[in-house]
Structure formats: structure tokens, C-alpha cells
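Hello,

Here is the structure I promised to pass on to you. Please have a look at it first, and then read on for what turned up in it.

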Amino acid sequence: MSTWSARIDSNARVKYIGIVDAIETDIKNRILKPGDRLPAQRQMADALSVDLTTVTRAINEAARRGLVETQRGNGCFIAQTTFSHYNSSQLIEGKTLDLSMNNPPIPNELNLEKSIAEAISELSLSGISASHHLCYQETAGHPDDRLAGQQWLSPKLTGLNSDQLLISSGAHSALFCLLSYLKRKGAKTIAAPEFSYPGLRAMADQLQLDVIGISMDEQGIIPEQFQLQCEKQSIDVLYVIPNIDNPTTATLSVK
């Protein structure tokens, strides 16, 4: 839980907006995170030498912006969805671009909710039991899911056995498993695009792996720069997203 010290942004035109701006700034700087509890309103008022009404107006404005949510009897908390709001023009206009979150917009013509509902309906009518998805899963993934993965990959990976596949809880989980494995095998240094997935950097810090940035152009990493780094030092791992890189969207050419 946060031990946030209430403050007023000195650039704000009025005090209650200054409190909101301070909360917003500290969220962007990761001083405040989703779920963190703010001090009681009266405690904030005393700390800032303002009246309680000013703090109440600030909390109401912060809630209107989607930064906080209040729970009757429990206090005020940083909203669980607050980071998603940083893709709105209201919060990023005139400020440093935040590349830590990747939330691409869903095309207007794609009714995703309808497609998901129809797919679930088709599964239920097909006679295939989906109840196993509601239970605890095997660590490596359900055998049916691994078999489906093997069939999907078989055109490109001949001789692949479903026992060779693991189902991960998203790319972040898979990447951490891979880096942990490589660390145990003696890896020390990762080469990665100079603008790369923030999660990679966080995981490398956790595992005490060095990340060497490779210069990029509109097609991703520059091969000659990668070669130069390999000549300078020992590189154990190359991290690259060949197609629609995160966060730059660069795509490596076939060449």
C-alpha cells in the first residue's frame, strides 16, 4: 500500500486542481500504482493546510478523470484501470510520451464482443466440453490445448510433438520463463532494440541480465550495429520482434 505524501502541484491555477495534478503526475511516475490507498481526506487537508472542501473537490475531480475510485467505509484508492487512461489525449497532451503500455485501438468495424460470444456458442453446440477450462490447469497446459498448438504449428515445424509445447499465461510469462532458463544456462547479456518492450527491461533487471541497446531504423534493428556490438563484447541472447515491433511497430524486411 502507498504511503503517499499529499502535495499540491505548484503550476495549478487553483488548489484543488493542484492536488489532482499531483496525483496524476505521481501515477505517471509510478510513485502511485493501481490499488494504492490515498490518505484520508481530513488527513490530506491537515497536511496541505487547506479546508476539507478543497480536498473533497480534488477527489471528485480525480474520480471524474478516472484516476481514483472510492469505496464506502474503506477510503479512496488509485483506480485499477488508471494506466489505461494514459492513452487518452486528455492525459498525454503536451507531456512526455509514455510507451510503457501498449493498448492498440480496436477497429470500429470489428465487433469483438459479438465474435467472442458466437465462438463460445459454437463450442457449446459442437459437443466439445469446455468445462475443463474452468478448472485448475496442468502446469504445462491442458493436453487438448497443446495438441491444438501442435496442429497449428505443424505446417512450419515438422515432427513437432505436443509434449514439446508449453502453454503460458501470455507472452510476459513465457518471456520470463525463457530468460530464467537462459540465466541458469549461464547467459549474462541480452542484445535488444534500443526502444524495446519495457517488460523485457524489468525482467532483465530482476534476473540481473545486462541489456545492450541496438540502434534502429524504420525496419527495426540495424544488422551492422548488431554485428558491431557482437565484436565489442559477448552477446548471449538476441531479443527482437520481427513483425510489428512493440513499441515502435517496426517490421524487419525479408532481407
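Thr 249 counts as exposed, at 53% relative accessibility; exposed here means over 50% relative accessible area, buried under 20% and partly exposed in between, with a 1.4 Å probe and protein chains only. The phi of Thr 249 is near 70°, a positive value in a residue other than glycine. Thr 249 sits in the segment after strand 7, and helices (H or I, at least four residues) and strands (E, at least two) are DSSP runs numbered from the N terminus.

A note on how to read all this: the model is predicted, so local features need pLDDT of at least 70 and side-chain atom pairs count only at pLDDT 80 or more, while totals for chains, interfaces and linings use all residues. Residues are numbered from 1 along each chain as its sequence is written, and side-chain values use heavy atoms, with hydrogens and water left out.

Two further backbone details may interest you. Pro 247, also in the segment after strand 7, is joined to Asn 246 by a cis peptide bond with an omega of about 15°. Ser 49 lies in the loop between helix 2 and helix 3 and has a positive phi of about 60°, although it is not a glycine. Ser 49 is exposed, at a relative accessible area of 66%. As background, most residues other than glycine have a negative phi, and most peptide bonds are trans.

Now the overall picture. There are nine helices and seven strands in the protein, and 31% of its 255 residues count as buried. The protein exposes about 17,200 Å², of which carbon and sulfur atoms supply 53%; accessible areas come from the Shrake-Rupley method with a 1.4 Å probe, and for residues only the protein chains shown count as cover. Of the contacts (heavy atoms within 4.5 Å) with a separation of 6 or more, 51% are between residues 24 or more positions apart.

What holds the most contacts in the largest nonpolar core? Trp 4, Ile 23, Leu 38 and Val 68 do, in a core of 24 residues. A nonpolar core is a set of buried Ala, Val, Leu, Ile, Met, Phe, Trp, Tyr and Cys residues joined through side-chain atoms within 4.5 Å. Helix 1 (15–28), helix 2 (41–48), helix 3 (52–64) and strand 2 (75–78) each supply at least two residues of this core, and helix 1 gives the most, with seven. Leaving aside residues up to four places away in sequence, Ile 23 touches Trp 4, Leu 32, Leu 38, Val 68 and Ile 78. A second, separate core has twelve residues, including Leu 175, Ile 190, Val 237 and Tyr 239.

Three strands form an open sheet in the order 4-3-7, with parallel pairing; two strands pair if DSSP finds at least two bridges between them. Its edges are strand 4 (210–214) and strand 7 (237–238), each pairing on one side only. Strand 3 and strand 4 run parallel over five bridges, and Ala 192 stands opposite Gly 213 in strand 4. Strand 3 is mostly covered, with five of its five residues buried.

Leu 175, Leu 179 and Ser 180 are buried in helix 7. Seen down the axis of helix 7, its buried residues fall within an arc of 135°, so they line one face; the arc is that of the directions from the helix axis to the C-beta atoms. The buried residues of helix 7 pack against strand 3 (189–193) and helix 8 (198–207). Turned away from that buried side are the exposed residues Cys 177, Leu 178 and Arg 184. After helix 7 comes Gly 186, with a positive phi near 105°.

Gly 149 and Leu 165 are 16 residues apart in sequence and 7.6 Å apart in space, C-alpha to C-alpha.

Best wishes
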